[in-house]
Amino acid sequence: MAEGRAREPGPKVAPEVLRAVLHGIGATALLGVLIVVGSRNLSHFDAALVAYTFSILFATFGLTYRYSMWLARPPTAVYWRRGWQAFFRRGFRVRNAVSWCSRMASDVLANRFILRRGRLRGLTHLLIMWGCVLAVAITFPLVFGWLHFRPVPGDLSLYEAMVFGFPAFRFPHDSLVAFLLFHGLVWSAFLVIAGVMLALRRRIREEGAVALQRFAEDFMPLILLFAVSLTGLMLTASYTWLRGYGFSFIAILHAVTVIGTFLWLPFGKFFHIFQRPAQLGAGFFKDVGRAHESAECRRCGHAFTSRMHVEDLIEVERKLGFRYQMPDSPVEHYQWICPPCRRASFALAQGLAWHGRRGGEPLDSRGERPPAPQFVNRGIGAGPLDTEDSENYHP
Amino acid sequence: MPVPERFEFFIDASRCIGCQSCVQACAECDTHKGQSMIQLDYLDRQHSTQTLPVVCMHCDSPTCAEVCPADAIKRTEDGVVQTARKPRCIACNNCVLACPFGVPKMNTRMNLMMKCDMCYDRTSVGLKPMCASVCPSQALAFGTREEMARLRPRAKPVNSFVFGAQLIRTKVNVMVPDDARKEVVDVTAAMFEPAIGHDVLDDVFEGGDA
């Protein structure tokens, strides 16, 4: 009988760690090359921003390392592979590409699934997410030397945006476009601060959130985002209305907050930014499962999920060291039992322990198979939560 | 704040009277407002009124957390396996299918697995979970081992379960007779056994005089 999980002793430096370090070095080196090339051999690189550049390079290493380690986990490795297989399945590529665009727009860009969790919660996430996206879209190309602005030679009333050293577009320096462009980070700070305030409000007022939240996981990211936005706004206030009062100090303070945030990216809640797109792969995996053979519960005989999903889970559990196999039973592996029959087996086992102590006799179910358990209350919020639960738990 | 160590959860499914108080009370919990995480099933609706309430058993080595590709399920230091962390859960359904007790639920619209977290908002401050506080037959009970020993002298708690070749230990206990020889409940061995109970049709067809 195996308790917990059986793990084999491995080498001192696990191969996945070595692989993750190499991936990290590779991604960081690639970004370094792109910075050199994109800034035309650093000729457009702003030396004042060098600390930001190096912090992004470090974050790139950390993120790639953590992503690689995450992909090395047995369940993640299986679904990463399965997700791509499902996406590139022959005969479905065009449909999958269309579906990808639709899911990307609905889930990632519009945060519809978060809005369904709560409108205010969705709005909070939209404000923070779009504020950060806007800020990253502006600052990263500037920090890498991929984007810079210059006065147009011969006409000093015009400004020209240079992307990778090529002229992209021109605009008058006293126009509304210039005002909106040059204050892009101010608008992003407004969005982020509004979002952070709403998030803090929820974390202070909601009893459920209060019970579950952790400082490092839930408050630290909000504090960092607020600090970055506030010090950024202080810079604008300093040079716009205070003739640059305290500018150098605020600039250093801002750099510290930004660099701290970058360094925090691989470790805490921010990692979900890079992890979350896996949701799209899970969607394609389920699509393939629905189009193929179902798994039938080997107790009640009802279909409950895709055969592929059950077989993948058996493989994942084996790799993790779980031993749910049932070699002397026609079931073969506990994974072939649907969730309701698992609950029934659990109750049957406890009931059998009391046989002869509390009265009652074994009930003859008069069927070839044991009956499938049924929900006592299938009402909203009491039974299956959605269509997928209905499939998992079947009628 | 962690759940105080002296308080434990005790399940005795054969005491369940199917009143659904737990189902309704569960939906009042602040960590999953409006949605009940209790799984309350009829075991054999045609022949028996027996109902079985199942809450998360909070395994020591939770299969749901281990098979989660997004690393979204965490077990806190007090042994409570928390529901999926909302930013991480990718709604892949692995945990729902892998849980040996059939506990988690999948909220597809929200792209989120949801499950019992032992009413963490209440238990972490020393209160009983919603289900245990309203259960009239105390099929779901929460308290100290001493209290349970006093209230149910003919029963003892067990928290080891066998599934095939796998032994799973849990934070939540089930009640078995005090003279039960085995300290483990073999779940898979009972899978095809008939339920123990009183047939609901006995009185109709065998009562004669009625």
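# A quick tour of chains A and B

Chain B holds seven helices and 10 strands (helices are DSSP runs of H or I with at least four residues, strands are runs of E with at least two, and both are numbered from the N terminus). With a radius of gyration of 18 Å, close to the 17 Å that the globule rule gives for 210 residues, chain B is as compact as a globular protein of that length (the radius is taken over C-alpha atoms, and the rule is 2.2 Å times the number of residues to the power 0.38). This is a predicted model, where local features need pLDDT of at least 70, side-chain atom pairs count only at pLDDT 80 or more, and totals for chains, interfaces and linings use all residues. Residues are numbered from 1 along each chain as its sequence is written, while chains are lettered from A and ligands numbered from 1 in the order in which they are written.

**Chain B overall**

- The C-alpha trace of chain B spans about 65 × 40 × 35 Å along its principal axes.
- Of the 210 residues in chain B, 58% are buried (20 or more other C-beta atoms lie within 10 Å of the residue's own, with C-beta atoms placed from the backbone).

**Where the chains meet**

- Chain B puts 84 residues in contact with 75 residues of chain A (contact means C-beta atoms, placed from the backbone, within 7 Å).
- On chain B's side, the largest share, six residues, comes from strand β8 (residues 166–177) of chain B.
- Sorted by class, that side of chain B has 41 nonpolar, 27 polar and 16 charged residues (Ala, Val, Leu, Ile, Met, Phe, Trp, Tyr, Cys and Pro count as nonpolar, Asp, Glu, Lys and Arg as charged, and the others, Gly among them, as polar).

**Helix α1 of chain A**

- Helix α1 (residues 15–38) of chain A has 24 residues and should span 34 Å at 1.5 Å a residue, which agrees with its end C-alpha atoms being 34 Å apart (the expected span is 1.5 Å times one less than the number of residues).
- A20(A), G24(A) and T28(A) are buried in α1(A), and the cover over the buried residues of α1(A) includes α2 (50–72) of chain A.
- Just after α1(A), R40(A) takes a positive phi of about 55 degrees.

**Two packed helices in chain A**

- Helices α8 (residues 184–205) and α10 (residues 215–241) of chain A pack at about 145 degrees, with axes 9 Å apart (axes are lines fitted to C-alpha atoms, for helices over the stretch in contact, and angles run from 0 to 180 degrees between N-to-C directions).
- Their contact has 12 nonpolar, three polar and two charged residues.

Methods. Buried ≥ 20, exposed ≤ 12 C-beta atoms within 10 Å, placed from the backbone. Contact = placed C-beta atoms within 7 Å.
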